[in-house]
Amino acid sequence: MTTKTIGIIGGGQLGRMLAMAAARLNFRTIILEPQADCPAAQLANRQIAAAYDDPAGLDELAAACDVVTYEFENVPVAAAERLAARVPVYPPPRALEVAQDRLTEKRFINDCGIPTARFHAIDSQADLDAALADFGGQGVLKTRRLGYDGKGQKVFRSAADDAAGAFASLGSVPMILESFVAFERELSVIAARALDGKVRAFDPAENVHRNGILHTSTVPANVSEATAEAARAAAAAILGKLDYVGVIGIEFFVLADGGLVANEMAPRVHNSGHWTEAACVISQFEQHIRAVAGLSLGNPRRHSDCVMQNLIGDDIDVLPQWLATDDTLVHLYGKTEARPGRKMGHVTTLKR
Ligand code: AMP
């Protein structure tokens, strides 16, 4: 073991769970996050309280760490590159660049030989009107940058939906219009690539969203082995093309014939992989720490069927019921205020 201290950019629950996994393997963690007492810093060895793009904070992090990783995909690329000039940064900054822009991301995924929804780049209301006409009035308009959990999106279900003013209503920023995918279910795969190029994938999860936010992940997913294998193969192709190190989460739509359409990729541990901490010996968090620290990957085999459910906002009020439920791992994020839409924790129930 050569890596001793792992830097993590971002102080949310994903950073918190990475810090926990790192501690079990004897690594120290340092969190770069402006907000005091953030979920990750509560469990890490140290916090550098600075903005993600603050040069002094970044240089302090680089000087104190053997390797740096991140827990959210909107880390400024320039910040990751500044760090990468001083210390290894995994996943590579190129993965951030691809994942931060939905247009670049779709083109990249297609270049890997993986289908996505059809799409048009939208830079004006006129572009939108023309693109909607091409898609028969249906489609999903998304800002290219900074959209998450369904924010920065507008759905057009039929030609009767009024598109007037839609470009301005999402802020007149660069967007894409995606064709509307009539999917049967949503699937995600969490996979990891080690420094030596070895790839290992967890079983794909079937995801249900509510109000644009992940509600449940169920494993095994109700898909054929061929579909599950196609998801793993897609992940391997994406990881290889990026010369990636670490864990990635890739979301797909599953069509009626079992075909997969990739929706988006997150170059980090992913909410739809939280089930792995209860149903696998090696969680996605440990797998990521192993990868970025240059250790061999663990076996991602699943020992139990399970359902993970997010605790969002007031869901936290029924915590006593979850604590009384058999075979259920409760995981809370150390957030004191339960605002609507805020992820407070999650529970995973093993099915046996
Ligand atoms: P996203 O922010 O891209 O993950 O989208 C949030 C959710 O909106 C997805 O999980 C889908 O349920 C839905 N959605 C996004 N894009 C499309 C699409 N092109 N066709 C149909 N539904 C979509």
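Entry 1, second largest pocket. I looked up which elements line the second largest pocket, and found that helix 1 (13-24), helix 10 (284-292) and strand 16 (328-332) each supply at least two residues. Helices here are DSSP runs of H or I with at least four residues, strands are runs of E with at least two, and both are numbered from the N terminus. Helix 1 gives the most to this lining, with four residues. A pocket is an open set of points on a 1 Å grid over the protein atoms alone, where a 1.4 Å probe fits and protein lies on both sides within 12 Å along at least five of seven lines; lining residues have an atom within 4 Å of a point. The volume is about 210 Å³, taken as the space filled by probe spheres set on the points, with grid points joined across faces, edges and corners.

The model is predicted, with local features needing pLDDT of at least 70 and side-chain atom pairs pLDDT 80 or more, while totals for chains, interfaces and linings use all residues. Residues are numbered from 1 along each chain as its sequence is written, and side-chain values use heavy atoms, leaving out hydrogens and water.

I sorted the residues into six nonpolar, two polar and three charged. Ala, Val, Leu, Ile, Met, Phe, Trp, Tyr, Cys and Pro count as nonpolar, Asp, Glu, Lys and Arg as charged, and the others, Gly among them, as polar.

I listed domain 1 (5-89), domain 2 (118-178) and domain 3 (185-351), with bounds from an automatic or database domain assignment. The centres of domain 1 and domain 2, taken over C-alpha atoms, are 35 Å apart. The second largest pocket draws at least three lining residues from each of domain 1 and domain 3.

I counted 14 residues around the ligand, the closest being Lys142, Gln153, Val181, Glu186 and Glu264; a residue is near if one of its heavy atoms lies within 4 Å. Strand 6 (139-143) and strand 14 (260-266) each supply at least two residues of the shell. The shell divides into five nonpolar, four polar and five charged residues.

I looked for pairs of N or O atoms within 3.5 Å. A backbone N or O atom of Val181 is 2.9 Å from a ligand nitrogen atom, and one of Ser179 is 3.0 Å from a ligand nitrogen atom. Arg102 places a polar side-chain atom 3.1 Å from a ligand oxygen atom. The protein covers 89% of the 470 Å² of accessible area that the ligand has on its own, by the Shrake-Rupley method with a 1.4 Å probe.

I found a cis peptide bond between Tyr90 and Pro91, with omega about -5°. Pro91 lies in the loop between helix 3 (77-84) and helix 4 (93-99). Another cis peptide bond joins Val219 and Pro220, with omega about 5°.

Definitions and conventions: Polar contact = N/O pair within 3.5 Å; in protein donor to acceptor, adjacent residues only side chain to side chain.
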